[in-house]
Amino acid sequence: MSSPTGPANGLPVRMPRPRQTGRHRRPEPAVAPEGAPALVLAVPGAPSAASRGLAEEIISIGRSELPGLDARIGHLDGDDTEGAEFPSLRSVLNSVVAERTARAEFARAAGHEVPAPTGPDAVVVPLLAGPDGDLLRRVRQALMDSSAAAELADVLGPHPLLAEGLHVRLSEAGLARADRARLFTVATAADGIILATTGGEEAVQAAGITGMLLAARLAVPVMAAALDQEGSVAAVAAELRGSGSAQLALAPYLIGPEAAEGLLDTACKEADCAAADVLGSYPALGKLAVAQYSAALGITLGAAAH
C-alpha cells in the first residue's frame, strides 16, 4: 500500500525533474519555419549507392537538428532525367521550384491568399570539408543553369567539430589515443599527422586551420597536404620526418565522395604510412550542414553546431 509520500516499503520514488527557469533553462528545440527554403546537399563525385547513402545519413542528422526541414540531395554528376535514381543538382533545384509553384497555385484555387515569395527557393550546401575551387565552380554553374533562386552556403570547414571527427577516425584506426586524459598508450599512435585534402593550395590553407585544432587535441605536429598535387604528400612527409616525427599517419580531410578513387592509396604509398578512414557520415556533419544553411539565410534557427 502506498502513502502520499511514496511506497510503503520505503523504496525511493523517482520524481519528475522540475523545469529549469532563467538563463540556465534549456532552449526549446528549433523547428523549420513554414515555407522555409529547401536545403539541397550538393554531393560531388561519381554517383553511387554508397555516396547516396552517405548523403542520406547526413540529411537524417540534419532533420533531427531542425525538425520540419525540407532537405534534398542533388548529385553534381547526376542525371537530369526526371525520376532518375541519382538526380543532378540542377534537376533537384528545378523540382523545388516546380513544387513551390504547384503549392501556391493549389492554395489560390482553394481561395487562399498567397503572399509573394520572399527569399530564396533553396540553399545549396556543398558536401565538402574544404574549398575545392573546381567543384565549387561546377556547383555555381548548376545554380545558374536551374530555374531556382538559390543561395550557395559555405563548405563545412574549417571547424572544431571536423577536428574532433578526424581525431575519432584516427583513434578508430589505432593511430591516436582516443582521449589524452586517460593514462594508456597506443603502440601504433602516430607522432606526426599528414592532413590530406583535395582542392589545391586554397584547400590546403583552409585545412591547416582545422589541422591546428587537431594538433592541439593530439599534442603532435599536423601538416596539410594536397592529394591532387603531385609531390605534395611526399614533401610534407619528408618535412615531418626531418623535424623528428618517426611514425606518421595520414588523416583524410575528406567526407568521401569528392576524392577520386585511388588517391588515398597512392598518398599512403608516397608517405609510407598508414591512414585513417575519411570523415564519412560522422554525426557532426549533419549539424554543420544545418548551421551553414541557417548562416546563408542570415538567421538563427537554433540548430548551429555546438
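T198 is buried, with a relative accessible area of 7%; buried means under 20% relative accessible area, exposed over 50% and partly exposed in between, with a 1.4 Å probe and protein chains only. The model is a predicted one, in which local features need pLDDT of at least 70, side-chain atom pairs count only at pLDDT 80 or more, and totals for chains, interfaces and linings use all residues. Residues are numbered from 1 along each chain as its sequence is written, and side-chain values use heavy atoms, with hydrogens and water left out.

T198 sits in the loop between β7 and α5. Helices (H or I, at least four residues) and strands (E, at least two) are DSSP runs, numbered from the N terminus. Leaving aside residues up to four places away in sequence, T198 touches D132, A203, L227, D228, L254, E258 and L263. Contact here means heavy atoms within 4.5 Å. A225 is 27 residues from T198 in sequence, yet the C-alpha atoms are 8.4 Å apart.

Two strands pair if DSSP finds at least two bridges between them. β7 (residues 192-197) and β9 (residues 248-252) are joined by five bridges. A196 stands opposite P252 in β9.

Axes are lines fitted to C-alpha atoms, for helices over the stretch in contact, and angles run from 0 to 180 degrees between N-to-C directions.

The axes of α4 (residues 160-172) and α5 (residues 200-218) come within 8 Å and cross at roughly 50°. The two helices are therefore oblique to each other: angles under 35 degrees count as roughly parallel, over 145 as roughly antiparallel, 65 to 115 as roughly perpendicular, and the rest as oblique. From α4, P160, L162, A163, E164, L166, H167 and L170 meet T210, L213, L214, R217 and L218 of α5. By class, this contact has eight nonpolar, two polar and two charged residues. Ala, Val, Leu, Ile, Met, Phe, Trp, Tyr, Cys and Pro count as nonpolar, Asp, Glu, Lys and Arg as charged, and the others, Gly among them, as polar.

The protein has eight helices and 10 strands.
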